[in-house]
Amino acid sequence: MVVDASGRNGLSLRRLGLIRRRKGPGKIALAAHWENIQFPHDYCYMHISSPGYTGMAPVGNDSVNVVLVVENRHVKGQELGMFYQAVVLGNERRQSLLAGARLKERVRSVGSLAYDVQPVPCGGLVLAGDTTGFIDPFTGEGVYLSLRSAQLAAGVIHQAFAAGDFSRNFLAEYERQRQEEFCKKFILSRILQKFIYRRRWCDGVVTLLRRNPQMAQTLVGVIGDYLPADRVVSWQFLLEGIRGAVSPKPETAPQSVSAAGLG
Ligand SMILES: Cc1cc2nc3c(=O)[nH]c(=O)nc-3n(C[C@H](O)[C@H](O)[C@H](O)COP(=O)(O)OP(=O)(O)OC[C@H]3O[C@@H](n4cnc5c(N)ncnc54)[C@H](O)[C@@H]3O)c2cc1C
């Protein structure tokens, strides 16, 4: 029995040719730590700002990790470090958050962010974590999905040992469980991706959430994986959204939503 948890460049993905690049423009993440920074420590800041988005998270000792995600075409022919700094500091809000900060290290990059993985074509092999596919970190928690997929895999592998059956058919039960648990989360992630890159749609959703803090809390709970995805991927949530848009409540933004800057 082989468990491949070797991540996005997993050995079995390469050997068996299981990677399926998603249609549409590829994305690249550029990341570096910044130092000498007075950062409001309670939050991770996500900024959507053409040509992509950033996640900024304090990592201790006056340091902040700043990740920039853009479509590949934007970095073509560019020197990555200079491009990264120009885009990060090209946004007013980021500039004010990073005032006085300096880069602590060379900019690192992770390419080909969006991919899916074809079903395992043989018995005796189980994939866990990023070897099963990728969820955009803006709209999903890869670490949770990895740990949870490992838990599900362990359960099915235990049964396989008990039954003495490591066939592809038997192990397909793991794939079924994974699909059942994660399918709606991936659907939600893809829907949100459509919204976040269209400014008017994105502003509309943020306004809706600001007026409906309960919906915002539910959405954050699902994205953060402490609520099941069907709390949001449901007719009921859609109806609540329509009701909220048609007869809005007064604006009382919860911190988690108001802290996410747009612009
Ligand atoms: C830019 C970016 C930002 C992200 N932000 C977040 C976030 O904020 N929150 C979140 O939850 N997730 C985030 N993720 C996703 C998260 O990092 C991954 O989903 C998670 O790390 C996957 O864990 P994993 O153990 O499956 O794979 P990995 O973390 O990739 O671990 C695989 C390990 O296997 C090792 N390995 C590879 N080949 C072999 C081999 N042949 N033999 C032995 N070992 C091998 C590798 O060295 C590595 O240590 C982000 C990802 C990216 C790219």
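Which residues of α5 are buried? They are Leu-171, Tyr-174, Arg-178, Phe-182, Lys-185, Leu-188 and Ser-189. The points below set that helix in its context.

1. **Basis.** This is a predicted model; local features need pLDDT of at least 70, side-chain atom pairs count only at pLDDT 80 or more, and totals for chains, interfaces and linings use all residues. Residues are numbered from 1 along each chain as its sequence is written.

2. **Overall layout.** The chain holds nine helices and 10 strands. Both are DSSP runs, numbered from the N terminus: helices are H or I with at least four residues, strands are E with at least two. The C-alpha trace spans about 60 × 50 × 35 Å along its principal axes. Of the 263 residues, 21% count as buried. Buried means that 20 or more other C-beta atoms lie within 10 Å of the residue's own; exposed means 12 or fewer, and partly exposed is in between, with C-beta atoms placed from the backbone.

3. **Domains.** The chain is divided into domain 1 (2-21 + 114-185), domain 2 (27-110) and domain 3 (198-258). These bounds come from an automatic or database domain assignment. The C-alpha centres of domain 1 and domain 3 lie 31 Å apart. Six residues of domain 1 are in contact with six of domain 3. On the domain 1 side, the touching residues are one nonpolar, two polar and three charged. Contact means C-beta atoms, placed from the backbone, within 7 Å. For the classes, Ala, Val, Leu, Ile, Met, Phe, Trp, Tyr, Cys and Pro count as nonpolar, Asp, Glu, Lys and Arg as charged, and the others, Gly among them, as polar.

4. **Ligand shell.** The ligand has 17 residues around it, and the closest are Ser-6, Gly-7, Gly-129, Pro-137 and Gly-142. β3 (27-35) and α4 (142-163) each supply at least two shell residues. α4 gives the most, with four. By class, the shell has nine nonpolar, five polar and three charged residues. Domain 1 and domain 2 both give residues to the shell, so the ligand lies between them.

5. **Helix α5.** This helix covers residues 168-196, 29 residues in total. From first C-alpha to last it reaches 39 Å, close to the 42 Å expected at 1.5 Å a residue. The expected span is 1.5 Å times one less than the number of residues. A kink of about 45° is centred on Phe-182. The bend at a residue is the angle between axes fitted to the seven residues ending there and the seven starting there. The buried residues of α5 pack against β10 (125-127), α4 and α7 (213-223).

6. **Ala-229.** Ala-229 sits in the loop between α7 and α8 (235-246). Ala-229 is buried because 20 other C-beta atoms lie within 10 Å. Not counting residues up to four places away in sequence, Ala-229 touches Lys-184, Lys-185, Leu-188 and Val-222. Two of these, Lys-185 and Leu-188, are among the buried residues of α5.

7. **Backbone points to check.** Most residues other than glycine have a negative phi, and most peptide bonds are trans. A cis peptide bond joins Ser-50 and Pro-51, with omega about 15°. Phi of Asn-61 is positive, near 50°. Asn-61 lies in the loop between β5 (52-60) and β6 (63-71). Asp-225 also has a positive phi, about 70°. Asp-225 counts as partly exposed, with 16 C-beta neighbours inside 10 Å.

How values were computed:
Near = placed C-beta within 6 Å. Contact = placed C-beta atoms within 7 Å.
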